Amino acid sequence: MSAQNNKPKLHKVTAENAMQALGEWPIQKFHVSHLATSEFKGEGLRPYIVYRDLGAKEATGGLVDAHVNARGRPFEQAAVSKRHYHDVKFQMVYVLKGWNRVEFEGQGEFMMEAGSCWIQPAGIKHTVLEYSDDLEVLEIIIPGTFDTVEVNEPPGFD
Ligand SMILES: [Fe+2]
């Protein structure tokens, strides 16, 4: 048998077979989070962001992270504008308040404002170029724990 024959057979994931292709998911718990009883904490990925955890990680056994993040301090270009990517399978961002200007690998620059929503394909490089002090975004990410990699490239390098 050749080495090629030992490889697991890959099949295309379609809307029709997606749930089967994903295999078994962790048992999920019901969870409610209210703004009035929640706290924004500064112990996440970025020192200039405060995060409100929405409980998805705990409810899904770590499969999904859902949080609101707000800016804990005014925009500082040197601290913020570093091109990077996240080692994720899925990431969705929805702007709740304020605005931010972001560039994405191969896509260009976008002004995102309250109501803007985007899906960041896994591994896409991006740079936050600027944001308003009142920016708040909702992020939903799979898996719930992931790495972020800074790349030594200027925005729009590709
Ligand atoms: Fe990012």
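**Sheet, core and one glutamine**

Start at one pairing: E1 and strand E2, residues 65-71, run antiparallel and are joined by five bridges. Within that pairing, Arg-52 sits opposite Val-68 of E2. One caution before I continue: this is a predicted model.

Now the sheet around that pair. It is an open sheet of five strands, in the order E1-E2-E9-E4-E7, and the pairing is antiparallel. Which strands are at the edges? Strand E1, residues 49-53, and strand E7, residues 117-119, each of which pairs on one side only. From one strand to the next, the twist averages 20 degrees.

Stepping back to the whole chain: the protein chain has four helices and 10 strands. Read from the N terminus, the order is α-α-β-α-β-α-β-β-β-β-β-β-β-β. The C-alpha atoms fill a box of roughly 60 × 45 × 25 Å along the principal axes. Of the 158 residues, 16% count as buried. As for contacts between residues at least 6 apart in sequence, 69% join residues at least 24 apart.

In soluble globular proteins, nonpolar side chains tend to be buried together. The largest nonpolar core here has 12 residues, among them Leu-54, Ala-66, Val-68, Val-95, Met-112 and Tyr-131. Helix H3 (56-59), E2 and strand E8 (126-131) are the elements that give two or more residues to this core.

Val-68 ties the two topics together. It is part of that core, and it also faces Arg-52 across the strand pairing. What does Val-68 touch, leaving out residues up to four places away in sequence? The answer is Arg-52, Leu-54, Leu-96, Glu-136, Val-137 and Leu-138.

Last, Gln-91, which lies in strand E4, residues 90-97. Why does Gln-91 count as partly exposed? Because it has 19 C-beta neighbours inside 10 Å, and a residue needs 20 or more to be buried. Outside the four places on either side in sequence, Gln-91 is in contact with His-86, Gln-120, Glu-139 and Ile-141. Val-64 is 27 residues away from Gln-91 along the chain, and their C-alpha atoms are separated by 9.8 Å.

That is where I'll stop.

How values were computed:
Residues are numbered from 1 along each chain as its sequence is written. This is a predicted model: local features need pLDDT of at least 70, side-chain atom pairs count only at pLDDT 80 or more; totals for chains, interfaces and linings use all residues. Two residues are in contact if their C-beta atoms, placed from the backbone, lie within 7 Å. Two strands pair if DSSP finds at least two bridges between them. Axes are lines fitted to C-alpha atoms, for helices over the stretch in contact, and angles run from 0 to 180 degrees between N-to-C directions. A nonpolar core is a set of buried Ala, Val, Leu, Ile, Met, Phe, Trp, Tyr and Cys residues joined through C-beta atoms within 7 Å.
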